[in-house]
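Welcome! Take a moment to look over the sequence and the model, and then we can walk through a few of the details together.

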Amino acid sequence: MGACAALQRLRDRVLVARDSKTALEIRGGCTKRFYGNVPRGEPLDVCELAGITSYEPTELVVTVLAGTPLRELESVLAERGQCLPFEPPHFGTGGTVGGMVAAGLAGPARACVGPLRDYVLGVTMLNGMGEGLTFGGQVMKNVAGYDVSRLIAGSMGILGVICEVSLKVMPIFPACRTLCVEMDETGALKQLNRWAGESFPMNASAWHMGRLYLRLAGANAAVAQALEKAGGRELEPQAAAAWWSDIRDHRHEFFPLSDAQLERGECSWRLAVPDSAPPIALPGEQFIEWGGGQRWWRSAAPASQIRSAAERAGGHATLVRAADKSPGAFTTLKAASMKIHKRLKQSFDPAGIFNPGRLYPEL
């Protein structure tokens, strides 16, 4: 009854906003407000829409209301020896399942287990007309051939209010060990590429300031064999868990930027490039994840310089934290891709009320 009442309140707010053409900022725990372009609009809180509505451990499927705290879901899964394998960042205690899906972010294991969108089986949402739509499963055919459930992942809330999500979950690995190997950037990238082409149980990797960290996960025998092959120093289990958790939630000393640093023009950038790309030369400090495919930079270099370097490496750059986000958080799309985005926005949110400009200024 509580969820039904909360859903009706959300629908009423959407209808009022549609009629008055009032922008709405969809909010959960507000732990990811720094991500994307600057939020604007009246707050539309989804936190009342909380709870696990269905969980079938034997089927590896869980269905959750969008305002459910992420830590609550993960706790329930852990009790049954299961997890969200893509390790969604929390960025604080208030992170919600809806925010997780809308942001589309994944943690250290993403390169080995796949992105969040691969685990989204179904989504129920409110569109800009206040209509409840369900995608995934056998409920409703996807519009124009799009896999809408996956499309919602990473859409930053511009298409509608996520109300409920069905997710695929996975068993926790029986063995998990972390190694630290002294290695320079060039050597680390080459070694990571070699391991990627072998039967090597690498679940996560991170390189920073001459040290390569590897998390090995899988069957006990496979992990034990890989430990001998990789060499290096093994971290204690508690220290290893803290290390990867700090990376996931940006508590590691590399990631936080003080107000003073931001005011001086220092920014946090995420460069998504092929994992085989050679070292990228930029001013600042670097942190490498995902087998070389995700390269974080703390730099005061102009946005044009950062994005040109990413493009030359075969990828793109996202401005994650900055005092000034006028260059745009996300790399501008080609005209054909932007046309598709605009058509999708128009189909789901004709009045343009949901999170305007959060993904791209034009949307």
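A residue counts as buried when its relative accessible area is under 20% and as exposed when that area is over 50%, with partly exposed in between. Keep in mind that this is a predicted model.

Cys 180, at 4%, is buried.

How many disulfides are there? The count is zero.

| Cysteine | Closest cysteine sulfur | Sulfur to sulfur distance |
|---|---|---|
| Cys 112 | Cys 176 | 11 Å |
| Cys 180 | Cys 176 | 15 Å |

The sulfur of Cys 112 is therefore too far from that of Cys 176 for a bond, and the sulfur of Cys 180 is too far from it as well.

Now turn to helix H10, which spans residues 303-312. Which of its residues are buried? They are Ala 303, Ile 306, Arg 307, Ala 309 and Ala 310. Viewed down the axis of H10, these buried residues fall within an arc of 155°, so they line one face of the helix. An α-helix has 3.6 residues a turn, so residues three or four places apart point the same way.

What do the buried residues of H10 pack against? Their partners are strand S14 (267-272), strand S16 (294-299) and strand S17 (316-321). On the other side of H10, Ser 304, Glu 311 and Arg 312 are exposed. Just after the helix comes Gly 314, with a positive phi of about 90°.

Note on methods. Residues are numbered from 1 along each chain as its sequence is written. This is a predicted model: local features need pLDDT of at least 70, side-chain atom pairs count only at pLDDT 80 or more; totals for chains, interfaces and linings use all residues. Side-chain values use heavy atoms; hydrogens and water are left out. Buried means under 20% relative accessible area, exposed over 50%, partly exposed in between (1.4 Å probe, protein chains only). Helices (H or I, at least four residues) and strands (E, at least two) are DSSP runs, numbered from the N terminus. The arc is that of the directions from the helix axis to the C-beta atoms. Contact means heavy atoms within 4.5 Å. A disulfide is a pair of cysteine sulfur atoms within 2.5 Å.
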